[in-house]
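Hi,

Here is the structure I promised to pass on.

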Amino acid sequence: QQKTNVQASIPYYAKICQIVDNQRLPDNDTMPLNTIRADAHAQLADAYYKVQNWIQCEASLMVAVKIWERMLEMPEESDGKLTAKTRLGEAYDILRTCYNTLGKSRLAELMEKRKSKLAQ
């Protein structure tokens with residue numbers, strides 16, 4: 001990761017996401033892989049956020065959000081579920097910023113509603 005030049009890190013993050021997205025586990029236990037996939041896409045989204053590429057940030061972060069939302073639907077309590085809840089709160093804030101910047105106030109409001117529902 002380039003600490004001084006985030007722009008230079010984006011191709012590496014994108015490649016990591018591509019590699020993780022193409023992985024398949026031999027058994028049907030995809031949860032560990034999905035957690036890694038969500039984290040990879042969240043890191044890519046963070047890099048896009050830092051360079052103010054709002055459209056790409058939203059696209060990458062939505063991949064992670066979908067995974068984390070599915071993790072919340074799991075019937076059993078787990079550390080992954082707690083982590084997903086925390087990460088979703090942060091993601092909704094970032095998405096709200098992206099949507100406000102892009103002039104999509106309705107979507108920004110939706111992210112605020114999702115975050116408040118998450119806290120319940």
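Trp54 has a relative accessibility of 16%, so it counts as buried (buried means under 20% relative accessible area, exposed over 50%, and partly exposed in between, with a 1.4 Å probe and protein chains only). Before you go further: this is a predicted model, where local features need pLDDT of at least 70, side-chain atom pairs count only at pLDDT 80 or more, and totals for chains, interfaces and linings use all residues. Residues are numbered from 1 along each chain as its sequence is written, and side-chain values use heavy atoms, with hydrogens and water left out.

Back to Trp54. What does it pair with? The structure holds one aromatic pair, and it is formed by Tyr49 and Trp54, edge-to-face, at 5.4 Å centre to centre with 75° between the planes. (Rings of Phe, Tyr and Trp, the last by its six-membered ring, pair if their centres lie within 6.5 Å; planes under 30 degrees apart are stacked, over 60 edge-to-face, and the rest tilted.) Tyr49 has a relative accessible area of 28%, so it is partly exposed.

Trp54 is also one of the buried residues of H3, and others there include Leu61, Ile67 and Trp68. Helix H3 covers residues 54–72, 19 residues in total, and reaches 26 Å from first to last C-alpha, close to the 27 Å expected at 1.5 Å a residue. (Helices, H or I with at least four residues, are DSSP runs numbered from the N terminus; the expected span is 1.5 Å times one less than the number of residues.)

Now Asn34, which sits in helix H2 (residues 31–50). Asn34 is buried because its relative accessibility is 11%. Neighbours within four places in sequence aside, Asn34 is in contact (heavy atoms within 4.5 Å) with Ile67 and Arg70.

As for H1, its buried residues are Val6, Ser9, Ile10, Tyr13, Cys17 and Val20.

Last, the largest pocket. (On a 1 Å grid over the protein atoms alone, a pocket is an open set of points with protein on both sides within 12 Å along at least five of seven lines, and lining residues have an atom within 4 Å of a point.) Its lining is Glu69, Leu72, Leu88, Tyr92, Arg114, Lys117 and Leu118. H3, helix H4 (79–101) and helix H5 (105–119) each give two or more residues to that lining, and H5 has the largest share, three residues.

Cheers

How values were computed: 1 Å grid on protein atoms, 1.4 Å probe; cavity = no way out; pocket = protein on both sides within 12 Å on 5 of 7 lines; lining within 4 Å.
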